[in-house]
Amino acid sequence: MAMFTHSDFVIETHALSKCYGRKLALDQLDLAIPRGRIHAIVGANGAGKSTLFRILLGFMPPTSGQSRILGKDSQQLSPQDRSRIGFVNEEHTLPNWMRVAQVMAMQRHQYGRWNQQAFDGVIGHYNVLPEQKIGQLSRGERAGFNLALALAQGPELLVLDEPTLGLDVVAKRAFLESLLQSNAADDCTVIYCSHQMEEIERVADNLIILERGQLKHMSAPEAFTARVSHWVADLPFKGPDLRLVPGLLETQRIDGLQHFLVLDQDADFEHFLRACGARNAQSMPVSLDRAVNAFLAKHHAAPATA
Ligand SMILES: Nc1ncnc2c1ncn2[C@@H]1O[C@H](COP(=O)(O)OP(=O)(O)OP(=O)(O)O)[C@@H](O)[C@H]1O
């Protein structure tokens, strides 16, 4: 992997906006994703993830702002630039009437860096026969076939739009395993969007949170989890006015104890709870799933400002 004189960022956007009529899907987005490793993009439904991918890959122009992928303007990608990028989306769009062997032969012919071993390694996890038509494959088999094609391309960058949607547990595991192997072996940067936090926890090195077309957070997943803490308090009385609870994401009363999920609070939060009348208070770790979902839900519920 020498020879690269271009930017160390595989993705760069500057003030990138996209409006669909009155709908603002990307809002002045500034995002820079460094080369290497596995990056997960998360966000509520409609946060702009697929829109971002469509613009990055040059399928659609932005309303304003710029986006670059592998150092090239997204709107001016040459066939050679495209051959350096693998893309797998949930729609798994391939011609239904073609046979597996025919699609594979076509791709092998098209990509100079075709890696048959990578293809065989992934497709071996699925019960796909060369003579089967694409239209006959199950959803999971199609996802596996698409990933096999994308990895065999030997891409520098692999972009995955919810690729494991609808896969069974075994197929999902096989899919993630293939991803990890290719990322480790070929130094391929992977950008992955998903709603499945347990997957992200397993494979992602970097967590990117999008909300209403804006970047809200980017760090290692553990660093995000560390921003959220779960406090349990024994509050015999009514407890604090919720509007006054610092960093509140979520609260619940369970079995007479009040639970708080809070953002960016340190040990002073215990003092706050005690000042509110808590007899006992204890903080506990949270999972990534819990932390991200509470963060997204909090803002999800907020009324739209646009
Ligand atoms: N072709 C379109 N025409 C009009 N509005 C659109 C179009 N495509 C997307 N949108 C709107 O733009 C916003 C962003 O959509 P996008 O598909 O990028 O979100 P997403 O983060 O991928 O969501 P999900 O997690 O549900 O797949 C949504 O509010 C959606 O309704």
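Me: Which element gives the most to the shell around the ligand?
Reply: In this predicted model, helix H1 gives the most to that shell, contributing three residues.

Me: Ok, and which residues are around the ligand altogether?
Reply: The residues around the ligand are Tyr20, Lys23 and Ala25, then Gly43, Asn45, Gly46, Ala47 and Gly48, and finally Lys49, Ser50 and Thr51. The elements that give two or more residues to this shell are strand S2, which spans 23-34, and helix H1, which spans 49-56.

Me: How many of them are nonpolar, polar or charged?
Reply: Sorted by class, the shell around the ligand holds six polar residues, three nonpolar ones and two charged ones.

Me: Switching topic, where does Thr93 sit?
Reply: Thr93 is placed in the loop between strand S6, residues 85-89, and helix H3, residues 100-110.

Me: Is Thr93 buried or exposed, and why?
Reply: Thr93 counts as exposed because it has 10 C-beta neighbours inside 10 Å, and the cut-off for exposed is 12 or fewer.

Me: How far apart are Thr93 and Gly277?
Reply: Thr93 and Gly277 are separated by 184 residues in sequence, and in space their C-alpha atoms are 59 Å apart.

Me: What are the confidence scores like?
Reply: The protein chain has an average pLDDT of 89, with 93% of the residues scoring at least 70, while the model as a whole scores ipTM 0.97 and pTM 0.89.

Me: And where does pLDDT stay under 50?
Reply: That happens over residues 1-5, for which the model has one contact beyond four places in sequence. Where pLDDT is low, the predicted coordinates should not be read in detail.

Technical notes: Residues are numbered from 1 along each chain as its sequence is written. This is a predicted model: local features need pLDDT of at least 70, side-chain atom pairs count only at pLDDT 80 or more; totals for chains, interfaces and linings use all residues. A residue is near a molecule or strand if its C-beta atom, placed from the backbone, lies within 6 Å of it. Helices (H or I, at least four residues) and strands (E, at least two) are DSSP runs, numbered from the N terminus. Ala, Val, Leu, Ile, Met, Phe, Trp, Tyr, Cys and Pro count as nonpolar, Asp, Glu, Lys and Arg as charged, and the others, Gly among them, as polar. pLDDT is the predictor's confidence in each residue, from 0 to 100. Two residues are in contact if their C-beta atoms, placed from the backbone, lie within 7 Å. A residue is buried if 20 or more other C-beta atoms lie within 10 Å of its own, exposed if 12 or fewer, and partly exposed in between; C-beta atoms are placed from the backbone.
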